[in-house]
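Dear colleague,

I am handing over the structure that you will be working with from here on. Please look through it first, and then read the notes that follow it.

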Amino acid sequence: AQTVTQSQPEMSVQEAETVTLSCTYDTSESDYYLFWYKQPPSRQMILVIRQEAYKQQNATENRFSVNFQKAAKSFSLKISDSQLGDAAMYFCAYRRLQGAQKLVFGQGTRLTINP
Amino acid sequence: SAVISQKPSRDICQRGTSLTIQCQVDSQVTMMFWYRQQPGQSLTLIATANQGSEATYESGFVIDKFPISRPNLTFSTLTVSNMSPEDSSIYLCSVRMGGGTEAFFGQGTRLTVV
């Protein structure tokens, strides 16, 4: 079974600084998707960024980028120029390309932004 | 993208009773899922709601406790039956469009069982 591990329960960063959230996963599949979701206090799960495993290029969405290391099964999220609105729980998630379509989530990292 | 309306937003229920949560999507979707998020925890899939047939449950979740309906491609319900305090959680509906990669989530239902 696939597993996702986030080893940082909490992180904090100064406003306008850069922070990196870590995620590792375990799978025997060669093709899959990886995601970072953000969950603010409103409870709404919001997709931040996604990565297809067959793409070597790291995904980027404005201030958010990933460092995808397929061989190491690592998928970290970098947030540049941190803003107060980035404060939330961040979940790393995995989904198989074929077969079961469910998302497997990591334990989450609570990110605090210090003004 | 999809707009998902989940009701109720929150509820406080007596143990032994049941609560039905509704998930309405503004467009037809291929897949609908129900997740549970226990306090301070991550999300765990309860089941995949199948249109016109019985839901597919994950290990540890059973139909008698979490009956699910999906009468069409835009609507599903999850019932939490015979509730106990251990059922206090956030329950989230999630959908994926046909051919789409990402999943969209409702705003969740915060359930407290007393």
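B:P8 is found in the loop that joins β1 (4-7) and β2 (10-13) of chain B, where strands (E, at least two residues) and helices (H or I, at least four residues) are DSSP runs numbered from the N terminus. The peptide bond that leads from B:K7 into B:P8 is cis, its omega being near -5 degrees.

Please keep in mind that this is a predicted model, in which local features need pLDDT of at least 70 and side-chain atom pairs count only at pLDDT 80 or more, while totals for chains, interfaces and linings use all residues. Residues are numbered from 1 along each chain as its sequence is written, chains are lettered from A and ligands numbered from 1 in the order in which they are written, and side-chain values use heavy atoms, with hydrogens and water left out.

Over all chains the count of salt bridges comes to 8, a salt bridge being a side-chain nitrogen of Lys or Arg within 4 Å of a carboxyl oxygen of Asp or Glu. One of them joins the side chains of A:K73 and A:D26, with 3.7 Å from N to O. This pair links distant parts of the chain, 47 residues apart, since A:K73 sits in the loop between β8 (64-69) and β9 (74-79) of chain A and A:D26 in strand β4 (residues 24-26) of chain A.

Now to the interface. The contact (heavy atoms within 4.5 Å) takes 18 residues from chain A and 24 residues from chain B. The size of an interface is often given as the accessible area lost when the parts come together. Here the area buried between chain A and chain B (accessible area for a 1.4 Å probe, summed over both) is about 1,700 Å², and carbon and sulfur atoms give 50% of this. The interface of chain A and chain B has 2 salt bridges, including the one between A:R50 and B:E102, whose closest N and O atoms are 3.1 Å apart. On the side of chain A that touches chain B, the elements giving two or more residues are β5 (32-39), β6 (46-52) and β10 (88-96) of chain A, and the largest share, 4 residues, comes from β5(A).

As for pockets, a pocket is an open set of points on a 1 Å grid over the protein atoms alone, where a 1.4 Å probe fits and protein lies on both sides within 12 Å along at least five of seven lines, and its lining residues have an atom within 4 Å of a point. A volume is the space filled by probe spheres set on the points, which are joined across faces, edges and corners. The largest pocket has a volume of about 390 Å³, and of the 21 residues that line this pocket, the closest to its centre are A:Q39, A:R110, B:Q37, B:I90 and B:R110. Two or more residues of its lining come from each of β10 and β12 (109-114) of chain A, and likewise from β9 (89-96) and β11 (109-113) of chain B.

The second largest pocket has a volume of about 240 Å³, and of its 14 lining residues the closest to the centre are A:K102, A:V104, B:L43, B:T44 and B:L45. The largest share of that lining, 3 residues, comes from β5(B).

With best wishes

Notes
Buried area is the accessible area (1.4 Å probe) that two parts lose on being put together, summed over both.
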